Amino acid sequence: MPESDQTRRLIVLGSTGSIGTQTLEVVDHLNAILASSGAQPAFEIVGLACHRDQDLIREQARRWPNASIAVAQLDGNGAAERLVREVECDIVMASIVGIAGLPSTHAAVELGRDVAIANKESLVAAGGVIVPLAQQTGSTLLPVDSEHSALWQCLGPATNPPTDHPRGVRRMILTASGGALRDWDKDRIERATPEEVLAHPNWDMGAKVTTDTATLANKALEILEARWLFGLTGEALQAVIHRQSLVHSFVEFDDGSLLAQIGAHDMRTPIQVALTHPHREPGCADRLDPLTLGRLDFAPPDTDRFPMITLAHEVMRIDEYAGHPTTAGAVFSAANEEAVRAFLDGRVRFGAIPRLVSETLGATTCERADTLISVLRADQTAREHVHAGISALV
């Protein structure tokens, strides 16, 4: 946490979403700790951005009257990026869901800001752009997803992402709840309704992320994000189903040691870890008593019923074969985003989501991903292919 005379200026992108609102809770909590001792606040909120929830962002603006406000529905799709470029800050919480968060994340990294990154699509689609840029500007990417925060915590406070393959690490294992359909057979999964898919057993998240947990696309995206944060690839990045969602990830070291990070179902912990790095402060999240853990179950993902993790490894193979980062990640992310939207709108069956992603990945020529333009062009091409695929199904 900053020293008493070092209040950090924070912009929250996606401030009305789940991560954004919890970020503001954590900031209030940390500031209250310091206020109780007469010290300066840890953070000052200098910017808030959302897509369309005007009522909530007005409420947030009353709480943080010095914050500049950006609402995409009113100010245009580039509002969040303009906010980042125009408002001086020290750290940006990047929690806009989907590719919509990429331009503002890229801007923050370009300006050398520290970025607490909860927008996994930015790295999945544009890791080949974002990571070299961060290394050039000195921007630190602070993981916020519970799985990446867990991996980071297991590596220790001396590791600042993005980093190359950490010394002594053999593999990283991300845990997955399995989502609402984890015990269903393949035929029933094919016909699942949005109401059934959104009934997640452990977490309360937005519709897109919850649907991704049900297809295991969320874990596929997280594997691809971990690749860019920690410099591992291929079989060094794996996933296991852990239905209790208490063990958030494992790191296996070359000497055989296996470290795990365990915590309650509460995103305020990884948010606070990112904001206060490299320090540890009293938290506001739920606590976990080891005596209440009970049993912890682990199983390999069923890639026949849930093929998305296999597709994530295909994305990495495409890049490895090319010998450089390609737009395969952008294609994967965009195709999934459009397929999920079509499912939630009732235009395709749930089972069509991975098929549309696989077909789009197979049909798209992947270019070198070394500019934002190449990434966004691939994103658009993938979306058009999915739209054509959906039309063929109707």
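Figure 1. A salt bridge is a side-chain nitrogen of Lys or Arg within 4 Å of a carboxyl oxygen of Asp or Glu. Both residues belong to helix α10 (residues 207–215), four residues apart, about one turn of the helix. Helices (H or I, at least four residues) and strands (E, at least two) are DSSP runs, numbered from the N terminus. The model is predicted: local features need pLDDT of at least 70, side-chain atom pairs count only at pLDDT 80 or more, and totals for chains, interfaces and linings use all residues. Residues are numbered from 1 along each chain as its sequence is written, and side-chain values use heavy atoms, leaving out hydrogens and water.

**Figure 2. Aspartate 114 and arginine 8, a bridge between two strands.** The structure holds 31 salt bridges. In one of them, the side chains of aspartate 114 and arginine 8 meet at 3.1 Å, N to O. Aspartate 114 lies in strand β5 (residues 114–117) and arginine 8 in strand β1 (residues 8–13), so the pair ties together parts 106 residues apart in sequence. Aspartate 114 is buried, at a relative accessible area of 19%.

**Figure 3. Aspartate 145 and lysine 120, a loop bridged to a helix.** A salt bridge joins the side chains of aspartate 145 and lysine 120 (3.2 Å, N to O). Aspartate 145 sits in the loop between β6 (141–143) and α7 (146–155), and lysine 120 in helix α6; the pair links distant parts of the chain, 25 residues apart. Both aspartate 145 and lysine 120 are buried.

**Figure 4. The surroundings of methionine 93.** Methionine 93 is placed in strand β4 (residues 91–94). Its relative accessible area is 0%, and methionine 93 is buried. Leaving aside residues up to four places away in sequence, methionine 93 touches Leu10, Ile11, Val12, Leu13, Ile19, Thr23, Ala116, Val144, Ile271 and Leu275. Contact means heavy atoms within 4.5 Å. Phenylalanine 306 is 213 residues from methionine 93 in sequence and 31 Å away in space, C-alpha to C-alpha.

Figure 5. The largest cavity has a volume of about 60 Å³. On a 1 Å grid over the protein atoms alone, a cavity is a set of points where a 1.4 Å probe fits but cannot get out; lining residues have an atom within 4 Å of a point. Grid points are joined across faces, edges and corners, and a volume is the space filled by probe spheres set on the points. The largest cavity is lined by 13 residues, of which Val124, Arg227, Trp228, Asp319 and Thr326 lie nearest its centre. Helices α6 (120–137), α11 (217–230) and α13 (308–322) each supply at least two lining residues. The most come from α6, with four residues. By type, the lining divides into seven nonpolar, four polar and two charged residues (nonpolar: Ala, Val, Leu, Ile, Met, Phe, Trp, Tyr, Cys and Pro; charged: Asp, Glu, Lys and Arg; polar: the others, Gly among them).

Technical notes:
1 Å grid on protein atoms, 1.4 Å probe; cavity = no way out; pocket = protein on both sides within 12 Å on 5 of 7 lines; lining within 4 Å. Buried < 20%, exposed > 50% of the residue type's maximum accessible area, 1.4 Å probe, protein only.
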